[in-house]
Amino acid sequence: MTSATPPAGGRLTVLTGPSGVGKGTLVKLLLERHPEIWLSVSATTRTPRQGEEEGRSYFFLSRQAFEQRAAEGGLLEWAEFAGNLYGTPRQPVEEHLAGGRPVLLEIELEGARQVRRSFPAGFQVFLEPPSFEELERRIRGRGTDSEEAISRRLERARVELDAAPEFDARLVNGDLETALAELERLMGLNG
Ligand code: ADP
Ligand code: 5GP
């Protein structure tokens, strides 16, 4: 299921995987069990989904405000995904790393590639679905995206899945508890 040994003291972890694979679900459980981990809150131009909160789920920005932030160097990485911009605010990541806290980024493929260049010592995990059919079931089952958004996400998912071999570790999100335990092991956390 996985191929890499956890890095000694690797404090920046990047979790990537196609939309709907279960990244958010897994991260929520991980943070409940390990409150010492700091999860980066991204900026996005996407409109909020029901229940999403400003500053907790994302910082929701206009395209203009986002682009200004990027131009000022305020984003560690950014990328366009399914028609919207997403990026990681740089300063809080650097501050938490400097303070010795484990930092987790949950971002898409292009962003992960940028972080790989700027933080080569970071640990990069790719979360895979048990099958493409199951991925589609999960995106639809989540019930938050329009049909057009679902199509764009599934199209992009094929490209992302092909990039899995680039990552330090690959993790299949079949059974959730098993995937969580495996992620904990990879991150060198006590389960
Ligand atoms: P992502 O953050 O990768 O886009 P989500 O965490 O929103 O994905 O999960 C997409 C859907 O799949 C949600 O409805 C979630 O409850 C479901 N899901 C997540 N992990 C599993 C799993 N291991 N088995 C079955 N369903 C899952
Ligand atoms: P969603 O719209 O489902 O919340 O997120 C869509 C995709 O954007 C997901 O794959 C998610 O990991 C990714 N994403 C979220 N925040 C960031 C970010 O800051 N940077 C990048 N590159 N991708 C992000």
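**Strands, a helix and a ligand**

Modeller: Strand E3 (residues 43–44) pairs with E4 in the parallel sense, over two bridges. Here Thr44 stands opposite Phe60 in E4. The model is predicted, so local features need pLDDT of at least 70 and side-chain atom pairs pLDDT 80 or more, while totals for chains, interfaces and linings use all residues. Residues are numbered from 1 along each chain as its sequence is written, chains are lettered from A and ligands numbered from 1 in the order written, and side-chain values use heavy atoms, without hydrogens or water.

Some terms first. Strands (E, at least two residues) and helices (H or I, at least four) are DSSP runs, numbered from the N terminus. Two strands pair if DSSP finds at least two bridges between them. Strands of a sheet pair through backbone hydrogen bonds, either parallel or antiparallel.

Now the sheet around E3. Four strands form an open sheet in the order E4-E3-E6-E5, with mixed pairing. E4 (59–60) and E5 (75–81) are at the edges, each with a single partner strand, so one side of each has no neighbour in the sheet.

E7 brings in other strands. E1 and E7 run parallel, joined by four bridges. Leu15 stands opposite Glu106 of E7. E2 also runs parallel to E7, with two bridges. Leu39 has Leu104 in E7 as its bridge partner.

Next comes helix H1 (residues 23–33). Its buried residues (under 20% relative accessible area, 1.4 Å probe, protein chains only) are Lys23, Leu26, Val27 and Leu30. Seen down the axis of H1, they fall within an arc of 100°, so they line one face of the helix. That arc uses the directions from the helix axis to the C-beta atoms. On the other side of H1, Lys28 and Glu32 are exposed (over 50%). The cover over the buried residues of H1 includes E1 (12–16), E2 (38–39), E7 (103–106), E8 (123–128) and helix H7 (176–186).

Glu106 leads on to ligand 2. It is among the closest of the 16 residues that surround the ligand, along with Ser42, Arg46, Tyr58 and Tyr86. A residue counts if one of its heavy atoms lies within 4 Å. Taken alone, ligand 2 exposes 510 Å², and the protein buries 95% of that.

Terms used:
Contact means heavy atoms within 4.5 Å. Accessible areas come from the Shrake-Rupley method with a 1.4 Å probe; for residues, only the protein chains shown count as cover.
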